[in-house]
Amino acid sequence: MAIAQDLLAQQRPTAHSIDSVNVNRWSPRSFLEKAIPEETLLSVFEAARFAPSAFNFQPWRFIVAASPEERERFYTFIGEFNLNWCKKAPVLFLIVSNTETEKGPFPSHAFDTGAAWGTLAHEAVRQGLVTHAMTGFDFAKAREALGIPESYAIQALVAIGYQGPSDALPEGLAEREVPSPRKPVQEVLFQGTFGQAF
Ligand SMILES: Cc1cc2nc3c(=O)[nH]c(=O)nc-3n(C[C@H](O)[C@H](O)[C@H](O)COP(=O)(O)O)c2cc1C
């Protein structure tokens, strides 16, 4: 069973009013072995298109693995801990960013691509899906296996699908299947100069 929305809200109380999608997005590790309809998956990437980027350069690119053969190729570079749980996810995708324009380096490639990931992760919630980002994989092996040009930086790998029951997870992971807490806003928000309380 997916964690009920009211339980999610209890685990992650908010000090100020925000849209519920912000609280409801979290990173479970238990996935149902259930395919994502192509139209639903395309809606998720459609949302990513609308992220802001410097000069509207849209540096993000997504490499999807959905077929058994594509997923097997991804498994060759994913670390053991993550392989333990992400194999049930029906779709994995790698996020890369274009670091160069015709005029030279593009400094905000990572920032802009992070915005695209955030946007798609929220759309996934709206589509009834869950996402779990990972950097626990071999970046060099991924570059080789997927033919990623040097001018593209590897950012993260994401598992996406429908949430499964926590007791279906391998040993040691079920008790970690809870939404994580957050720093209070006072810790991350400054006024005027760095470190000055808001
Ligand atoms: C860039 C990035 C890399 C991450 N790498 C991993 C990973 O390799 N394995 C894993 O289990 N979780 C990974 N996570 C998930 C984070 O631990 C999780 O997002 C964080 O604890 C906040 O929890 P929440 O997403 O449930 O709100 C990663 C998340 C991000 C954004």
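Is Phe-139 buried, partly exposed or exposed? I looked this up before anything else, in what is a predicted model. Phe-139 has a relative accessible area of 30%, and buried would mean under 20%, exposed over 50%. Phe-139 is therefore partly exposed.

**Entry: the ring partner of Phe-139.** I then looked at Phe-137. Its relative accessible area is 9%, so I noted Phe-137 as buried. The ring centres of Phe-137 and Phe-139 lie 4.5 Å apart, with 15° between the planes.

**Entry: aromatic pairs elsewhere.** I found nine aromatic pairs in the structure. One of them joins Phe-45 and Phe-93, with centres 4.9 Å apart and planes at 75°, an edge-to-face arrangement. I checked where these two residues sit in the chain. Phe-45 is in helix α3 (residues 38-48) and Phe-93 in strand β2 (residues 91-98), so the pair connects distant parts of the chain, 48 residues apart. Phe-45 has 14% relative accessibility and counts as buried. Phe-93 counts as buried too, at 0%.

**Entry: charges over rings.** I looked for lysines placed over aromatic rings. Lys-34 lies over the face of Tyr-162, 4.2 Å from the ring centre. Lys-87 has its charged end over the ring of Tyr-75, at 5.1 Å from the centre.

**Entry: the ligand.** Which residues come nearest to the ligand? There are 15 residues around it, and the nearest are Ser-27, Arg-29, His-132, Ser-180 and Arg-182.

How much of the ligand's accessible area does the protein cover? On its own the ligand has 620 Å² of accessible area, and the protein covers 66% of that. I also listed the elements that give two or more residues to the shell around the ligand: α5 (80-86) and β5 (130-134). Sorted by class, the shell holds six polar, five nonpolar and four charged residues.

Notes:
Residues are numbered from 1 along each chain as its sequence is written. This is a predicted model: local features need pLDDT of at least 70, side-chain atom pairs count only at pLDDT 80 or more; totals for chains, interfaces and linings use all residues. Side-chain values use heavy atoms; hydrogens and water are left out. A residue is near a molecule or strand if one of its heavy atoms lies within 4 Å of it. Accessible areas come from the Shrake-Rupley method with a 1.4 Å probe; for residues, only the protein chains shown count as cover. Helices (H or I, at least four residues) and strands (E, at least two) are DSSP runs, numbered from the N terminus. Ala, Val, Leu, Ile, Met, Phe, Trp, Tyr, Cys and Pro count as nonpolar, Asp, Glu, Lys and Arg as charged, and the others, Gly among them, as polar. Rings of Phe, Tyr and Trp (its six-membered ring) pair if their centres lie within 6.5 Å; planes under 30 degrees apart count as stacked, over 60 as edge-to-face and the rest as tilted. Buried means under 20% relative accessible area, exposed over 50%, partly exposed in between (1.4 Å probe, protein chains only). A charge sits over a ring if NZ of Lys or CZ of Arg is within 6 Å of the ring centre and within 35 degrees of the ring normal.
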